[in-house]
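User: I'm new to this one and would like a close look at a single part. Could you pick out the aromatic rings and walk me through what surrounds them?

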Amino acid sequence: MSSQSPAIDVKGVSKWFGSVVAVNDVSFQVQPGITGLLGPNGAGKSTILHMLTGKASCSEGEVTVLGQPARGNPEIYWSIGVMSEHEAVYGFYSGREFVEFTARLHGLDPIAGPVDRAIGLVGLEDAQHRKLGGYSRDMRQRMRLAAGGGPGARPAGFGIG
Amino acid sequence: MTQRTGELFDLGYQHYDGPREGRMRARKAVFFDGFRTTLGLGRGAVAKALPMLLFGAAMAPAVILALIASLTDGLLEIPGHPLYYEIVSTVLLIFAAIIAPELLCPDRRNGVISLYLVRPLSITDYLAARWLAFFAITLLLVYSGQIVLLAGLVLSAADPLDYLQENWLDIPRILAAGFVLAAFITTLPLAVSAFTDRRAITAAVVIDIFIISALADEILTECDNHGDSGRSGECDPITGDAAKWFALVGVAGVPGNVNQIIFNADGEGQRNPITSELPKIVPIGWYLILTGGLGGALWLRYRRITA
């Protein structure tokens with residue numbers, strides 16, 4: 001991707017919930033690479049990330065990711081990986097089964113290679129066949145990272161905290 | 001003041017450029033996950049016990065009837081295919097009320113729904129895959145029972161080939177009636193599950209709907225003549241001519257009324273013969289309105305939840 005084409009383009013975005021304004025007329029562009037979004041509690045970081053990942057609509061303005069609208073566009077998830085703070089997992093799945101399941105959700109076939117790489121990336125090869133319910137919080141987060149951004153997504157990932 | 005510096009570690013991330021099967025692959029993944037969840041596959045013994053118990057309870061009447069037919073060489077007349085659906089419908093309703101919410105409620109309660117919403121799936125894909133997963137299991141259940149019963153009837157006949165030639169229409173009727181029953185039994189509990197995160201509440205509401213509507217049906221269509229134990233004889237309903245309409249109130253009888261039309265059964269297995277006084281389009285239309293309406297409510301509720 002060229003530097004002229006931003007990975008994320010946010011234009012005049014506002015979001016309000018009833019009479020509460022969560023985000024007010026925000027515009028920015030994010031180029032490929034690693035970017036962090038910092039701010040105090042209540043600044044609207046999570047709301048912006050929810051809009052960037054299509055999980056929330058904008059009250060006003062427009063968000064595009066990789067040149068496509070983020071909201072109401074399931075096809076965008078072929079290209080991005082999302083790992084949210086509050087997302088749960090199925091405790092009865094083993095770590096590997098969980099990553100395989102999400103790889104299938106991403107339409108990958110065959111899945112073995114990408115799943116091996118994703119689990120290797122987070123260093124959980126030895127624990128991959130244990131049930132997620134028995135993982136520590138840290139291990140669960142790492143396996144979720146493998147599932148969220150590892151197997152299928154291009155390097156346009158979001159971590160929502 | 002010292003200046004802090006950060007360091008980025010390259011862990012060797014590789015993005016996937018291989019083939020993708022498209023959204024159908026994702027839909028299939030949700031479907032098979034729903035299938036496994038419903039039957040408790042890949043989980044502990046407790047998760048498997050209830051579905052297996054209910055599965056056995058739904059199959060038991062067919063096995064018993066088939067055994068009776070084969071042991072008596074067809075001399076004893078046993079209930080046929082239309083009545084089988086009536087017999088198992090109560091077990092199926094309990095099965096659906098308890099098991100179907102497992103497909104939707106925990107995903108919302110535990111936040112797993114987010115997992116699906118950030119994958120290449122629309123909420124319609126998710127719901128359709130979940131619905132189809134439970135529908136497939138219910139269909140398998142009702143067809144299995146009917147196949148066992150059919151086998152029993154065929155094998156107990158003096159001439160099995162003659163029996164099949166005379167009753168071949170039962171096969172498409174079984175397929176159609178099973179489809180009608182399974183679609184209704186799938187849609188109702190899933191629609192109720194969309195409005196609560198608790199499985200137990202869904203199960204209680206669904207069972208209450210059946211009990212209360214059945215009671216209302218009974219009261220509104222009760223025969224004035226108390227000496228008449230059933231509706232098969234002469235009956236003068238206390239609500240008069242309107243009784244045939246009130247007979248539609250019983251939710252459990254909604255697919256049953258359509259099944260009777262499919263089997264063209266005038267007497268056998270009729271839960272509510274009084275509805276036969278209505279034009280055939282009325283029970284069929286009522287079934288379609290109720291099933292379609294519940295499906296629509298489910299979809300609209302999820303659209304709202306994920307908006």
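Analyst: Let's start with the rule for pairing rings: rings of Phe, Tyr and Trp (its six-membered ring) pair if their centres lie within 6.5 Å. Keep in mind that this is a predicted model. By that rule, one aromatic cluster is formed by Tyr90(A), Phe92(A), Tyr93(A), Phe101(A), Tyr116(B), Tyr126(B) and Tyr302(B). One of its members, Phe92(A), also has a charged neighbour: Arg43(B) sits over the face of that ring, 4.3 Å from the ring centre.

Just after helix 2 of chain A comes Gly107(A), with a positive phi of about 75°.

For a bit of background, chain A has 4 helices and 6 strands, and along the sequence they go β-β-α-β-β-β-α-α-α-β. Of its 161 residues, 49% count as buried.

Chain B is built another way: it has 12 helices and 0 strands. Of its 307 residues, 47% count as buried. Take the contacts in chain B between residues at least 6 apart in sequence, and 75% of them join residues at least 24 apart; for chain A, that share is 59%.

Now for the ring pairs. Over all chains, the count comes to 15 aromatic pairs. In one of them, the rings of Phe31(B) and Phe32(B) have centres 5.1 Å apart and planes at 80°, so this pair is edge-to-face, as angles over 60 degrees are. Phe32(B) counts as partly exposed, because its relative accessibility is 49%.

Another pair is Phe95(B) with Phe134(B): the centres are 5.7 Å apart and the planes lie at 20°, so these rings are stacked, the cut-off being under 30 degrees. This pair links distant parts of the chain, with Phe95(B) in helix 3 (residues 81-99) of chain B and Phe134(B) in helix 6 (residues 123-156) of chain B, 39 residues apart. Both Phe95(B) and Phe134(B) are buried.

Let's follow that pair out to its helices. Helix 3 of chain B and helix 6 of chain B pack at an angle of about 150°, and their axes are 11 Å apart. Angles over 145 degrees count as roughly antiparallel, so that's how helix 3 of chain B lies against helix 6 of chain B. The crossing of helix 3 of chain B with helix 6 of chain B is right-handed. On the helix 3 side of chain B, the contact includes His81(B), Tyr84(B), Tyr85(B), Leu92(B) and Phe95(B), while helix 6 of chain B brings in Phe134(B), Ile137(B), Leu141(B) and Gln146(B), among others.

One last stop is Gln146(B), which belongs to helix 6 of chain B. Its relative accessible area is 0%, so Gln146(B) is buried. Leaving aside residues up to four places away in sequence, Gln146(B) touches His81(B), Tyr84(B), Tyr85(B) and Ile174(B).

How values were computed
Residues are numbered from 1 along each chain as its sequence is written. Chains are lettered from A and ligands numbered from 1 in the order in which they are written. This is a predicted model: local features need pLDDT of at least 70, side-chain atom pairs count only at pLDDT 80 or more; totals for chains, interfaces and linings use all residues. Side-chain values use heavy atoms; hydrogens and water are left out. Buried means under 20% relative accessible area, exposed over 50%, partly exposed in between (1.4 Å probe, protein chains only). Helices (H or I, at least four residues) and strands (E, at least two) are DSSP runs, numbered from the N terminus. A charge sits over a ring if NZ of Lys or CZ of Arg is within 6 Å of the ring centre and within 35 degrees of the ring normal. Axes are lines fitted to C-alpha atoms, for helices over the stretch in contact, and angles run from 0 to 180 degrees between N-to-C directions. Angles under 35 degrees count as roughly parallel, over 145 as roughly antiparallel, 65 to 115 as roughly perpendicular and the rest as oblique. A crossing is left-handed if the near helix is turned anticlockwise from the far one by less than a right angle, and right-handed if clockwise. Contact means heavy atoms within 4.5 Å.
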